[in-house]
Amino acid sequence: MTTGVDLGQPQAQAIRSDEDVVRVRQLVRTVAVAVKLSLVDQTKVVTAASELARNTLVYGGGGTVEVSTADNGRRKGVRIVFADTGPGIADLDLALTDGYTTGGGLGLGLSGARRLVDEFDIRTAVGEGTRITVTKWSR
Amino acid sequence: MALSAEQSSRLAGLLTRHEEQVTQRWTEAIAGSMRGRLSQAELRRQVQDLHRGMIVASEQGVIDLDSEQASELRAVLSELSRGRARQGFSATETAVSVFALKDVLLDLMEDQSDGGALRDYVAFAALVDQMGLFTFESYVRTRESLIADQAEQLLELSTPVVKLWEGVVAVPLVGTLDSARAQVVMERLLQTLVDTGSPYAIIDITGVPAVDTQVAQHILKTVVAARLMGADCIISGIRPQIAQTIVALGIEFGDIATKASLADALRHVLRLSGVETGRRQHRREA
């Protein structure tokens, strides 16, 4: 498991295979537990990370993730940055529509992940890749 | 550094002339690092195979280990590292078995003091280095395939389909439900439904730490497949945090029955199939 994780430092991890998606989930859970997120919020942020990591792998052709703790003075949280250099998203509004998929999934990953976290920022350019930053704050 | 044709034949000559001495010392050197975990006879046989492989290769004028002349030698080396990996020796212990040849060669060539002998030794040693690295790589490949085998065995073990009641089977899912596992689960469940003629199946996800869209999709597909075969599926083990996550994600389970616990699911199924459950009987008696 992911014991011995230094939480002061952002944790980077490559996303190249399905096993890496599992590692991302474990890493996010470790950090979420450390910043004392509730069980529901842990599950939500882990699930969001799972969706976005799989998108990075399937649509972005693999990439990297960086998990860090966030602190806005009042609350602590988990911040996760997914980055890939894949084809990018041509129509972001369409991609964020429930039920829209180009890959045979349920079409809820990206839109669902946005609902599972508190802050969701996506930057994408066709041919350059996609960078998604999400944050979940403790209550 | 590659061997020249003359060096190769000198190596063949050296190994042939001192056959007894080479195998003896080589075996002794390896035995030292193995600390008695392999029998002397077994080691000796392996060394003789290696020795023969090297002679064959060098008589044919081996240049380096990648060349065609070394194919038999490569086979012997892979055989050696496969055996070591399966017997649980470390990668270092395996590679040292090959590197030990360097000391033996040095002993043999020490009395030749001309510069040619030094060049020969460096070339021979380079070949031994290649052999050692090759052993190392085959060792890693063997270990990787061992791990893959074990993962597959674990997959088989971790997806049991159990009969809970007459006509009711259950699949307790534990851990990550990736595509490979979902496939195994579906196959097992459908086969068990046929074998037992059960009209009800319960999929219990208590042990699944996170239900994302992929997991949900796998479960939904399994339910639809079971329905096509005439069986009703109930999903149980939906904990509060999972329920809230599923709602936020926007996953719809439609008309599929879902329950918080396996016990609830079983009670639900038994009621559907007309079996009197304990709670009802109790109420009637009161």
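A residue is taken as buried if 20 or more other C-beta atoms lie within 10 Å of its own, as exposed if 12 or fewer do, and as partly exposed in between, with C-beta atoms placed from the backbone. By this criterion, 33% of the 286 residues of chain B count as buried, and 39% of the 139 residues of chain A do. The structure is a predicted model, in which local features need pLDDT of at least 70 and side-chain atom pairs count only at pLDDT 80 or more, while totals for chains, interfaces and linings use all residues. Residues are numbered from 1 along each chain as its sequence is written, and chains are lettered from A and ligands numbered from 1 in the order in which they are written.

Secondary structure was assigned from DSSP runs, numbered from the N terminus, with helices (H or I) of at least four residues and strands (E) of at least two. Chain A has 4 helices and 5 strands, arranged along the sequence as β-α-α-β-β-α-α-β-β. Chain B has 11 helices and 5 strands. Two residues are in contact if their C-beta atoms, placed from the backbone, lie within 7 Å. Among contacts with a separation of 6 or more, residues 24 or more positions apart account for 63% in chain A and for 73% in chain B.

In chain B, strand β4 (residues 232-236) is largely enclosed by the rest of the structure, because 4 of its 5 residues are buried. Strands are paired where DSSP finds at least two bridges between them. Strand β3(B) (residues 200-207) runs parallel to β4(B) and is joined to it by 5 bridges; B:A201 has B:C233 of β4(B) as its bridge partner. With helix α9(B) (residues 240-249), β4(B) and β5(B) make a right-handed β-α-β unit.

The contact between the chains takes 21 residues from chain A and 18 residues from chain B. On the side of chain A, the elements giving two or more residues are α1 (18-34), α2 (39-58) and α4 (109-116). Helix α2(A) gives the most, with 9 residues. This side of chain A divides into 7 nonpolar, 7 polar and 7 charged residues, where Ala, Val, Leu, Ile, Met, Phe, Trp, Tyr, Cys and Pro count as nonpolar, Asp, Glu, Lys and Arg as charged, and the others, Gly among them, as polar.

Methods
Right-handed = clockwise from strand over helix to strand, strands pointing away.
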